[in-house]
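Me: I would like to go through this structure with you, one topic at a time. Could you keep the answers plain?

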Amino acid sequence: MQASGAHSHVLSGTIFSIATVLLLLGVAALEAAASSSVYHPEHIENARENLKRHAWAQTIVRSWEHNVSFAMQQDREFFEELISELTFGTFYGQNCPACVEAKRSVVGEHGLLVWTISNPDQLTCRRCGTVYPSEQYPETGVLECPRMGQTFTYYQTPGERALGPDAPAAERAKHALGWLDGGKRVQMTSFSGMIRGEKNRWAWAQMLVLAKLYAITGEIGYAERAAWILDRFARVFPNYLYHSYDGSYADLPPAEVAASMGDPNTPSGGRFPPEAIRHAYGLNQHSDDNGDYSTLFNGFWGAGRLFAHAGSDSAPLRHMTVAYDLIRDARYPDGTLLLDDSAQKRIVDDLLIAGAEDTENWTDVSNNGMSTYAFSAALGTLLQQPDRVRHALSGLNEMLSDRYHFDGFYAETPHYASWNFEHVGALLDGIYGYSDPEGYQPPDGQRLENLNPFTDGDMHLVLQAAVRMIAPPGNRTPTIGDTIYTDRPAVRPIQCLDARLSEQYSGLLKAVSGTEGNEYSLWYRPANAVTDRDIRIPVQSEWFPGWHVGVLRGPDGDNETALYLNGNEHLWTKRTGHRQVDILSIIFYAFGRELASDRGYFSGSAQVTPDGRPGQAWVDSTLSHNLVVVDNEVQRRRVAGSNLELFGVTPEVEVIEASAHNVYPQCDQYRRTCALATSPEGTPYVVDFFRVHGGSLHQYSFNCNGTMVATRPHDLAIEETTLSGPWVQWLDRPRAIVPDMPLTFAWSHDGVNMDLMLLNRSDTVDRVIIADAPGWRTHQEAMAGRDPIQQILAEKR
Ligand SMILES: [Zn+2]
């Protein structure tokens, strides 16, 4: 066996469990705060020590000081005025009307309107320079929320304005700016709403940095400004209405809205009287066939009071919890508390607990839903609320058993594993060190004592999975399923390994990301940890038995070569969102380059190519992958998967074989064997056997990045041909060869050559088609334009 990895694991069918818990949804009364949320006193002490010793730590703290320099010059009144009493609006779907008129922005585009604190009452278009608010683009539309007494204004196009204020919403909508569904879903464009939101986001980001600076430096000026911001939010938050990123406002008490959206017996957007959901163009008001009720669009997925997007309010509320924790004991030089009793009570009751009571209605364990549990963990630990901590733990355990395979891999894709762990990591930080309050009697009799979620249970497998999958040249994520091909390895699990697990991982952060230390290291990596050694990224050839992916890496262990065999599965052992219909496809890396590719993730929002094709349909399709397509069909999307048949590693050759289960119903065999070896000259090569039995047309499909530069023999008779079936929509310039001897196709990519040698005879392959396949891999690339890549299909009928 090859010993190229630093670690090997015995993987039994362990079921994840961090702690045995009971779900208790009662809300504990506020008790004397006696604990810390995510930065305990020893972490603050450690950060100070890191700051003394390490240049990277000094760089981080200097950047914080620079970041808050403007805020440090402001008085309390500035923050009072900055953070509005009126509910704010979304940045999502806010397009630039001037660019829309000039056809310089695409339908539904956002991110063009830029806000800065130096010009806090304006938005400027980064593309055309138009400044909003603007007399040319006035906010003449008015959206009333009469029940809750709030009024919002929005921009109307000249066509909409001409109809007058009494025109029916459906008529006005015909002139409004489009958003989702290729623009069919109209969006309220409100510069004023977006400006209020930008101000708030700036304020709470500043608050957290200020609070951290106070914790590390002890300078009261930082704490003072953090307190002003926090107290202001505590006073305005009770008035903030639930609103959705589709422009809807819920004209109802927020607690009522949150309870209905979390109710499993209502739609995800809740169930409200028809007029209670307010939208400039009347959307969502009649969400059922009879028009009996309205919904707040898709509920917590896109609605909040502080943040109307992924994870709802929980991220800002968690930041407020942490900031409060860091400054709650701050005192002026004369000994008086910076936050007096009434301010502390307001922040805890009206902001943090009220917010948690809202967000805890959302018990979804998706990659966005985990954010709410992370907030509950931080708040429950800070306020010593055992029920709240148990709520967070129950979400964590449910998510681990539903969404992770037993080998520590997330059941979706590397891209979504990374996103999910953003929230999971925050949750782990929140419950680290938690113990039940003294004298507390848990209903199940099991006290929680000094939790260490990083080492308890099988969390180490989740953390290690992020490293074990890493693709060449050591800083890439393999492009499996819906994963953007430029994705870098998730930093969060790596920094946890580096700082929290054991000394063996100290320096891993540097090995993967080139960074000596980041903010996580500042707080949590012991200041005396040895990080300047040359740690190898612990990868090796292995089959991940839960994830159903194998990787062969060759004998050198230099992280230059990798062959991924994507066994994949669909709804076989786990829910498998965002995986693609690509069972037994391969990706091949050599000399640090990705050569034979999986195209990746075009778009999660149904974006299209400039000529109107749904690019995600191509990258998701069986047809864009390196495998055998049977009868021009896409593999089954229902219960299907693969079984490992053979795995062996010697210093000379590494072999993996897997057979598909239920992939093509007409096939009784669909099996692939790949052997990776190195030529005497040091060139890696793969021998690929693909056995298929059943069906009437087999096409061995193969693509490589770069350009096809040669065929051998080079004097082949190549003739134009036509394709049939679903290929027609995606492959251009098909030309065919009828082979009577083995053929070689040569590609060149980024200075590396790749040869595909077909060991065909005239009776084993009828013809080989060479065609141009899309060169783009994301919707942004499709907009910008990319040269095609070449794909071959070796056919046998
Ligand atoms: Zn513009």
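This is a predicted model: local features need pLDDT of at least 70, side-chain atom pairs count only at pLDDT 80 or more; totals for chains, interfaces and linings use all residues.

Me: Which residues coordinate the zinc ion?
Reply: Cys 96, Cys 99, Cys 125 and Cys 128 coordinate the zinc ion through their SG atoms, at 2.2 to 2.3 Å. Donors here are N, O and S atoms within 2.8 Å of the metal (3.2 Å for Na, K and Ca); water is not among the atoms, so sites may look incomplete.

Me: And what is the arrangement of the 4 donor atoms?
Reply: The arrangement is tetrahedral, because the 4 donor atoms subtend angles of 106 to 116° around the zinc ion. Four donors count as tetrahedral if all angles lie between 85 and 135 degrees. The ideal angle for four tetrahedral donors is 109.5 degrees.

Me: How are the donor residues spaced in sequence?
Reply: The spacing is C-x2-C-x25-C-x2-C. Cys 96, in the loop between α4 (76-82) and α5 (97-101), and Cys 128, in the loop between β2 (123-125) and β3 (131-132), are 32 residues apart and link distant parts of the chain. Helices (H or I, at least four residues) and strands (E, at least two) are DSSP runs, numbered from the N terminus.

Me: Is Cys 96 buried or exposed?
Reply: Cys 96 is buried, with a relative accessible area of 0%. Cys 128 is partly exposed, at 28% relative accessibility. Buried means under 20% relative accessible area, exposed over 50%, and partly exposed in between (1.4 Å probe, protein chains only).

Me: Which residues does Ser 105 touch?
Reply: Not counting residues up to four places away in sequence, Ser 105 touches Asn 95, Cys 96, Cys 99, Val 100, Leu 112 and Arg 127; contact means heavy atoms within 4.5 Å. Ser 105 is found in the loop between α5 and β1 (113-114) and is buried, with a relative accessible area of 12%.

Me: Changing topic: which residues touch the most other members of the largest nonpolar core?
Reply: Phe 233, Met 320 and Leu 396 do, in a core of 125 residues. Helix α8 (residues 191-217) gives the most to this core, with 15 residues. A nonpolar core is a set of buried Ala, Val, Leu, Ile, Met, Phe, Trp, Tyr and Cys residues joined through side-chain atoms within 4.5 Å.

Me: What is Phe 233 in contact with?
Reply: Leaving aside neighbours within four places in sequence, Phe 233 is in contact with Ile 83, Asn 200, Ala 203, Trp 204, Leu 306, Met 320 and Leu 351. Another core, of 59 residues, lies apart from the largest one, and its members include Trp 543, Ala 590, Ile 656 and Tyr 670.

Me: Ala 590 sits in β13, then. How many residues of strand β13 are buried?
Reply: In strand β13 (residues 585-590), 6 of the 6 residues are buried, so the strand is largely enclosed by the rest of the structure. Ser 585, Ile 587 and Tyr 589 point one way, while Ile 586, Phe 588 and Ala 590 point the other way.

Me: Which strands pair with it?
Reply: Strand β12 (residues 562-566) runs antiparallel to β13 and is joined to it by 5 bridges, with Leu 565 the bridge partner of Ile 586. Strand β14 (residues 593-596) is also antiparallel to β13, with 3 bridges, and Arg 593 stands opposite Ala 590. Two strands pair if DSSP finds at least two bridges between them. The hairpin of β13 and β14 has 2 residues between the strands, and Phe 591 takes a positive phi near 50° there.

Me: What about helix α16: how many of its residues are buried?
Reply: Helix α16 (residues 459-468) is mostly covered, with 9 of its 10 residues buried. The buried residues pack against α14 (386-403), α15 (414-431), α17 (491-501), α18 (508-513) and β10 (542-544).

Me: Finally, where is the peptide bond from Pro 472 to Pro 473 cis, in which loop?
Reply: That bond is cis, with omega near 0°, and Pro 473 lies in the loop between α16 and α17. The bond from Tyr 132 to Pro 133 is also cis, with omega near 0°.

Conventions. Residues are numbered from 1 along each chain as its sequence is written. Side-chain values use heavy atoms; hydrogens and water are left out. Four donors count as tetrahedral if all angles lie between 85 and 135 degrees; four count as square planar and six as octahedral if opposite donors are over 155 degrees apart and all others between 65 and 115; anything else is irregular.
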